[in-house]
Amino acid sequence: MYGWIWDHLPGNAALKSLCALILLGVVGWALWFKVFPWAEPLLPFGDVTVDGTGQTVDENNPTAPATAPTKTGAPTTAGG
C-alpha cells in the first residue's frame with residue numbers, strides 16, 4: 001500500500017517526502033478531530049470504574065457509596 005502511494009506522489013524523492021509528510025498530517029488530523037470524537041461514545045471505555053478496594057463505583061453518581069462484591073449474594077454490612 002505504501003509503495004502504491006509513493007509511486008503515485010508527484011515529483012522527485014524530496015517532493016514525494018514532503019507530500020507524504022503532508023498526507024500523514026492530514027490523515028492524523030482527520031483521525032484526531034473527526035473520527036475519534038465520533039467513535040468515542042461507541043466504545044465501552046467508560047462503563048465501569050473500579051477503585052483500589054475492588055468496589056464498583058457508580059460512574060453516574062460518584063458521591064454514592066461504593067458497593068462491595070458479595071460472595072453469596074447476601075447483603076454486606078458496613079465496617080466488616
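The following legends describe close-up views of a predicted model.

**View 1. The chain follows the pattern α-α-β-β along its sequence.** The chain contains two helices and two strands (DSSP runs, H or I of at least four residues for helices and E of at least two for strands, numbered from the N terminus). Of the 80 residues in the chain, 4% are buried (under 20% relative accessible area with a 1.4 Å probe, protein chains only).

**View 2. The largest pocket has a volume of about 180 Å³.** A pocket is an open set of points on a 1 Å grid over the protein atoms alone, with protein on both sides within 12 Å along at least five of seven lines, and lining residues have an atom within 4 Å of a point. Helices α1 (2–8) and α2 each give two or more residues to the lining, and α2 provides the largest share, four residues. Among the lining residues are Met-1, Tyr-2, Trp-6 and Leu-24. By class, the lining has nine nonpolar, no polar and no charged residues.

**View 3. Trp-38 lies in helix α2 (residues 13–39).** Trp-38 has a relative accessible area of 61% and is therefore exposed (over 50%). Trp-38 also belongs to a nonpolar surface patch that includes Trp-29, Phe-33 and Leu-42. Together, the patch residues have about 1,100 Å² of accessible area. Patch residues have over 30% relative accessible area and no salt bridge, and nonpolar side chains are joined within 5 Å.

Residues are numbered from 1 along each chain as its sequence is written. Local features need pLDDT of at least 70, side-chain atom pairs count only at pLDDT 80 or more, totals for chains, interfaces and linings use all residues, and side-chain values use heavy atoms, without hydrogens and water.

Conventions. Patch = residues over 30% accessible without salt bridge, like charges linked within 9 Å, V, L, I, M, F, W, Y side chains within 5 Å. Areas by Shrake-Rupley, 256 points an atom, 1.4 Å probe, with all protein chains shown as cover. Salt bridge = Lys/Arg side-chain N within 4 Å of Asp/Glu carboxyl O. 1 Å grid on protein atoms, 1.4 Å probe; cavity = no way out; pocket = protein on both sides within 12 Å on 5 of 7 lines; lining within 4 Å. Points joined across faces, edges and corners; volume = space filled by probe spheres on them. Nonpolar A, V, L, I, M, F, W, Y, C, P; charged D, E, K, R; others polar.
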